[in-house]
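Look at the place where two chains of this model meet. The paragraphs below go through that interface step by step.

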Amino acid sequence: MLQFECPYCGRRDEPEFRWGGEVPLVRPGPPQLVSEGDWAAYLFFRDNPKGLVRERWLHALGCRQWFVVVRNTVTHEICSTSRISDPTPEVRA
Amino acid sequence: MRFSAFALARNALTFHEQWPKLWRSPRPQSKYDVIVVGGGGHGLATAYYLAREHGIRRVAVLEKGWLGGGNTGRNTTIVRSNYFYPESAGLYDLSLRLYEGLSRQLGFNVMLSQRGMITLGHSTHQLEMLSRWANALNLNGVDGELLTEAQVREWLPLLNESTTARYPVRGGLLQRRAGIARHDAVAWGYARAADALGVDIIQNCEVTAFLRDRDRIVGVETTQGIIRAPKIGLAVAGHSSVLAGKAGFRLPVTSYALQAFVTEPVKPVLKCVALSMATGVYLSQSDKGELVVGGALDLYPSYAQRGNLPTLQGVVAGLMELFPCFSRLRMLRQWAGVVDVVHDSSPIIDAAPVKGVYLNCGWGTGGFKAIPGGGFVFAHLLATGRPHSLATGFTLKRFTSGALIDEASAAGISH
Amino acid sequence: MSAQLFRLPSGGRINRSRPLSFTFDGTRYVGFVGDTLASALLASGVRIVGRSFKLHRPRGLVGVWCEEPNAVVQLGEGAKLVSNIKATQIELFDGLHARSVNCWPSAHFDLFGVAQFLSRFMPAGFYYKTFLWPSWGWFEPLIRRAAGLGIAPTVPDPDRYEERYEHCDVLVVGAGAAGLSAALAATRSGSRVLLVDDRGVLGGSLQGEDALIEDRAAHDWVTDAEAELRAGPRTRVLTRTTAFGFYDHGLVALCERTAPALTDGSTLGAVRERLWQVRARQVVLTTGAIERPLVFANNDVPGVMLASAAMSYAVQYAVRPGERVVVVTSCDSAYEAAEALRVRGAALVAIVDTRVEPGSVAVAAKTAGTQVLTGHAPVRVLGSRAVQALEVRPLADDGRAWRSDPVTRLECDLVCVSGGWTPTVHLFSQAGGRLRYASDAVALVPDAGPSTVQCAGASAGRFSIHQCLRDGFAAGREAAQRVGAVADCGREPLAAGASTQVSPFWGSPRARGAKAWIDFQNDVTTADLELAVRENLCSVEHVKRYTTTGMAVDQGKTSNMNALGVLAKLNGVEIGRLGTTTFRPPYDPVTLGTLAGRRVREFYHPLRRTAIDAWHAAHGGVFEDFGGWRRPAWYTRSGDTREASTRNEKRAARDAVSLFDGSPLGKIEVRGPDAAIFLNRLYYNNIRTLGVGRVRYGVMLNEHGTIIDDGVCIRLAEDHFLVSTTSGGASRIFATFEDLIQCEWPDLRVLVTNVTSAWGNVAVAGPRARELMQRLGMDIDLSSGAFPHFTVRCGLVQGVPARIARVGFTGELSFEVNVPAGCTLALWETLLKLGSDLGVAPIGIDALQELRTEKGFLHVGTDTDGCTLPADVGMGDMLAKKGDDFIGRRSLTRADALREDRLQFVGVAAEDPQVVLPVGAHVVPHHKSRSGSHGYVTSSCASEAVGRSVALGLVRAGRQRLNETIHVYASGRDWPARIVSPAWYDPNGERLRA
């Protein structure tokens with residue numbers, strides 16, 4: 001099973017974590033200026049890459065902090081882990 | 001050649017040396033009227049209906065691996081049409097009705113077994129949802145009846161005893177026309193029939209890029225060369241975003257691994273298909289005797305076609321809760337597919353944002369039951385350029401307008 | 001009782017002083033401790049141990065362990081029944097009862113054997129070509145009864161299953177020559193080692209061979225190695241443990257069969273199997289190799305056995321598998337088997353070698369006086385229920401046809417076959433390792449793989465004991481070094497070198513109509529593979545699915561490679577180019593109970609209990625699962641039905657005073673200078689204008705605008721709020737708060753804490769609620785003017801800190817008293833005592849739901865579905881009054897949100913006031929309309945307080961259709977009804993605001 005290097009707690013197993021979607025995902029606003037296309041893109045449309053993806057995970061049964069992971073969706077290899085507050089990690093194609 | 005018991009007997013005399021190919025292995029031509037990308041159930045069914053219903057035979061089905069080798073070869077084979085919203089009921093029931101005549105129409109036994117499916121309710125709230133659902137079915141013109149706990153136990157005598165169960169069974173919703181079919185047979189049956197009508201099925205042919213001419217797509221680059229067509233239908237399930245990316249647009253799809261497993265074969269022990277609203281586990285018994293079980297998604301995007309133990313353990317634990325007597329059976333085989341999940345668990349059958357490309361995706365964990373219906377309406381869209389009347393709600397536009405057809409929340413389960 | 005006619009007088013690793021009695025298909029036999037069921041049957045001369053799946057052909061033992069395809073049995077009965085287990089994997093115990101499967105009355109004499117005569121009508125995939133008329137449904141019941149092997153138990157499993165986790169430096173899988181060697185090296189280096197083997201005794205195939213290691217008998221070397229390993233303070237050895245799966249990030253899953261499971265009846269309550277999840281820094285796979293049979297006509301007759309298996313039966317179990325033996329081989333190793341049988345008294349009729357020049361092994365055999373026929377291949381076996389003779393013939397140079405020489409007939413009763421060895425590479429492949437075809441080993445061997453995994457020994461295609469010992473030792477030492485263990489591990493164990501040459505042989509030339517088996521259990525022959533290819537199903541995947549080769553309970557261990565070889569030949573390609581089907585867990589079938597472990601019964605999704613759960617249980621509370629909490633739906637008093645009890649409880653609430661345990665309601669503390677700003681972005685309602693000490697009902701939406709939760713928001717101070725959520729939504733809403741604070745608005749100065757289980761909540765509701773509350777003697781003025789509706793007060797209740805909010809779900813005057821969870825029971829009991837003359841009574845969830853239904857209060861998840869927006873429930877006007885953005889706001893102005901005919905929350909009044917409309921009934925426009933739903937009834941009950949039945953629902957454009965007559969449909973009938981306001985009871989809220 002997957003194993004993550006939580007930036008706060010160290011190496012822990014899959015059942016302690018929850019996936020939280022691709023990042024970065026910028027919430028558009030204010031609502032009156034957001035087109036319906038942009039709002040739909042925020043809610044639904046995703047890259048869904050076959051390969052490296054930047055995503056966030058929650059250490060739900062641990063420190064309850066969110067963090068960012070770069071993972072390969074084909075091999076499940078985890079390439080990097082960083083804090084939410086860190087700059088967005090590079091994804092080398 | 002028409003398949004029949006006579007044909008079988010006749011060929012037995014010649015040691016089965018005279019059977020013809022089920023389909024050809026043609027080299028791709030340079031141009032077709034329609035290209036269907038994806039040689040799974042949906043792609044093959046689409047090609048068949050294009051030829052049969054619309055007389056469009058210059059069709060190529062391009063499959064990057066072996067036909068029927070993706071989700072069609074990996075699912076838990078359940079067929080049903082007990083959906084809540086009229087749009088869904090219409091489409092899935094078309095599919096079920098097509099399944100009912102499919103073996104004869106294709107001349108290939110898809111082993112449809114309409115043994116019934118019971119959705120189990122375990123609480124007052126769930127029974128109320130089942131009641132709402134049963135009445136919706138009846139108003140949608142689909143068969144569905146509520147069962148009391150006693151009636152459920154007549155169908156499924158091995159269910160956990162009420163007094164000790166964590167999730168006691170309180171009742172159920174039965175669709176009698178639901179059941180199972182042999183997944184490989186569906187793919188092979190459609191492939192054979194489509195091929196006989198002139199469709200070229202090109203295996204080991206992966207689309208690597210799209211050919212553009214100004215603002216439209218006019219063909220594909222593949223591992224077997226360039227093939228042109230004015231219309232290209234994508235029926236690639238979990239890989240929809242990959243192809244969309246090549247054509248320059250995104251989809252409201254996330255791809256996940258959906259695990260399933262079978263036990264060793266045992267003598268008949270399960271009369272119908274069962275699905276639990278509490279545990280999310282669903283199971284049936286194949287004609288070979290194996291219990292076929294599925295349940296949850298591994299909840300992170302994956303193209304690996306493999307999931308991990310925690311999810312599998314959760315599904316097995318859910319099965320043990322329903323049928324504690326199956327605990328001593330053994331898991332024999334286990335696998336996963338790549339499913340294209342969409343927020344409202346309803347498909348996308350629509351023109352793509354790029355001219356020349358059409359989409360049939362978003363079936364998520366429920367694509368197998370929809371193969372005939374999905375293929376039928378997708379063929380209509382490709383042939384006429386207009387959505388079939390049963391598919392008008394399943395557009396990309398609904399994600400912008402908010403007119404989602406949210407079967408997941410309607411039924412409390414996501415497939 | 002049969003004597004053990006085929007037991008050798010001495011030798012073997014069995015304990016002759018401990019005889020065991022067992023039965024098979026009703027006949028009694030005797031064996032010894034150390035036997036498997038298979039070896040004991042063989043010793044008693046039982047040759048037919050099963051029947052094949054499709055054709056019910058008699059089947060004999062082929063293998064000696066998990067590769068066995070034929071001897072599938074069922075063990076025990078009732079709750080102890082175990083089905084579809086291989087006789088080769090059952091350690092014999094006294095009182096064992098086994099039956100063959102899928103035959104009747106026995107394997108020896110099976111009435112269904114008539115199926116063999118229909119075999120020509122049942123080639124691979126025959127069922128796709130027929131059963132079209134009248135329909136498959138006609139034939140299916142018969143087919144289903146004929147299919148399946150054993151029977152499933154029909155009573156719950158009484159045994160327990162455990163789960164353990166292990167972390168180690170080096171995991172060694174397989175304790176044969178290579179594995180023991182690797183484990184020794186790693187142990188001596190000082191690493192933490194876990195060695196696992198699926199058999200009960202270490203040594204693997206060494207136990208079944210006459211080999212020498214370090215100048216002593218191999219099994220003595222094994223004993224010494226085991227002693228050293230078990231003495232190692234950081235080494236653990238697990239036997240009877242199968243490593244069945246290699247999962248992501250290096251996790252290896254093991255299934256351990258605990259010793260007590262071997263005896264019938266004593267496992268009650270004990271642990272039968274144990275799942276181990278192992279994370280090792282380095283993994284050494286020494287999983288060995290499995291011999292494959294040769295493919296030739298009638299190769300499935302009982303008496304055709306793998307050469308190494310025959311040798312194992314002789315050496316390890318002291319059984320003579322046959323009197324007159326022919327060994328047929330395309331590799332060197334079978335010569336050892338021939339010799340092992342010969343020195344134990346078997347008549348070695350001949351060794352038939354498909355190779356033209358086998359080399360030194362053939363020379364040695366000839367010198368010892370054995371007839372060796374080189375360049376010959378088996379034509380067919382004679383005999384149907386047992387081998388009587390074997391025909392062999394020389395092959396033409398290309399190996400595809402016979403030479404013109406006549407057939408030689410060899411009279412025998414045992415044919416030992418060896419087509420070479422297939423490395424067991426499943427785990428390596430699951431770990432992501434690649435395979436390549438090694439033509440010298442005629443095998444798929446591990447190629448590139450993960451850096452933390454090594455393969456050594458036979459599983460890497462190196463088949464001699466000498467190579468296994470050396471390679472295993474090197475791998476173990478390497479693994480230890482990689483984890484930094486530096487102690488000297490000394491010298492590797494030595495054995496004499498041996499030749500292991502093998503040539504590919506993918507089947508003898510076959511006469512038309514003759515049957516040569518590939519998969520014995522599923523009755524797949526080369527003709528079936530030829531048929532598949534003929535029909536253009538050429539890929540491995542298609543062939544496997546079409547013919548079902550490799551899909552039986554032996555998982556193709558003896559058949560997959562042969563199928564690949566035959567397929568490659570048919571397609572005219574190299575084996576390496578064909579690819580294989582993907583290797584997936586489990587390597588050997590795994591018990592479902594083991595995977596579920598302890599997560600069964602009350603430990604499967606354990607129910608949460610409130611602080612006063614015991615009180616409810618002691619006072620007639622009838623529990624149900626509400627949102628994961630165990631809560632009383634109603635309280636039974638002697639003789640009362642659910643309906644009567646609920647009526648009584650409602651009366652208490654409407655006429656006197658009721659107590660409700662609302663502890664599971666979510667409670668989230670929100671504090672900080674930006675707390676109000678934060679909550680304003682979460683709630684649909686305006687929170688900024690909520691004054692200190694005041695309470696406001698609010699709904700929260702998701703970004704799709706859908707109502708996902710509702711509850712009251714309590715402002716305790718300028719920068720301090722208490723958010724109340726539904727009991728089912730508490731965790732979810734709290735997680736949303738944390739998510740937004742950490743990821744979306746990290747600059748907001750706000751902290752949140754989930755205090756749901758820290759506080760107990762008792763709702764005191766009814767016209768006499770104030771009277772009761774006053775008797776608590778608090779320092780809070782409870783009068784209507786001082787403590788109005790929708791306000792909060794904090795103080796002490798009997799010395800305990802309390803937060804009291806004037807809110808409620810019943811529609812009556814209501815005080816929700818929050819105290820620290822541990823004080824809830826005291827509060828509850830005090831209130832009951834103080835209010836006994838007032839008619840105080842506890843109410844359950846049934847009553848609460850009916851009370852709020854009468855009042856027309858929304859229940860999120862019941863009166864809302866996954867699409868309900870605030871405007872749908874009548875809160876649309878609030879939007880214009882709130883300028884700020886909040887979660888979901890943008891979705892409220894999408895096209896679909898503005899549709900006129902959306903489902904709207906209304907009341908539904910049956911024309912007949914006695915009719916209680918069923919929940920889940922749909923609204924239809926006319927009597928007998930049976931298509932097109934206009935919505936549905938979501939809540940419904942009889943109501944004494946209102947004087948008629950009441951119902952709530954979601955109806956298309958409901959609020960524009962007040963007073964319209966519609967019909968309500970359920971289960972084939974419909975009732976007339978009117979659309980009304982949902983506020984049935986006390987619409988002006990006078991009782992609420994008392």
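In this predicted model, 110 residues of chain C are in contact with 104 residues of chain B, contact meaning heavy atoms within 4.5 Å. The size of an interface is often given as the accessible area lost when the parts come together. Here about 9300 Å² is buried between chain C and chain B, and carbon and sulfur atoms give 55% of that; the area is taken with a 1.4 Å probe and summed over both parts. On the side of chain C, the residues that lose the most area to chain B are Tyr128(C), Arg144(C) and Leu592(C), together 9% of what that side buries.

Charged side chains also meet across the interface. Eight salt bridges are counted between chain C and chain B, each a side-chain nitrogen of Lys or Arg within 4 Å of a carboxyl oxygen of Asp or Glu. One of them links Asp625(C) and Arg166(B), with the closest N and O atoms 2.9 Å apart. Helix H3 (residues 136–146) of chain C gives the largest share of the side that touches chain B, six residues; helices are DSSP runs of H or I with at least four residues, and strands are E runs of at least two, numbered from the N terminus.

The chains also share strand pairing, which requires at least two DSSP bridges. Strand E17 (residues 330–341) of chain B and strand E31 (residues 590–591) of chain C run antiparallel and are joined by two bridges. Within this pairing, Val590(C) in E31(C) has Met331(B) opposite.

Residues are numbered from 1 along each chain as its sequence is written, and chains are lettered from A and ligands numbered from 1 in the order in which they are written. Local features need pLDDT of at least 70, side-chain atom pairs count only at pLDDT 80 or more, and totals for chains, interfaces and linings use all residues, while side-chain values use heavy atoms, leaving out hydrogens and water.

How values were computed
Buried area = accessible area lost by both parts, 1.4 Å probe.
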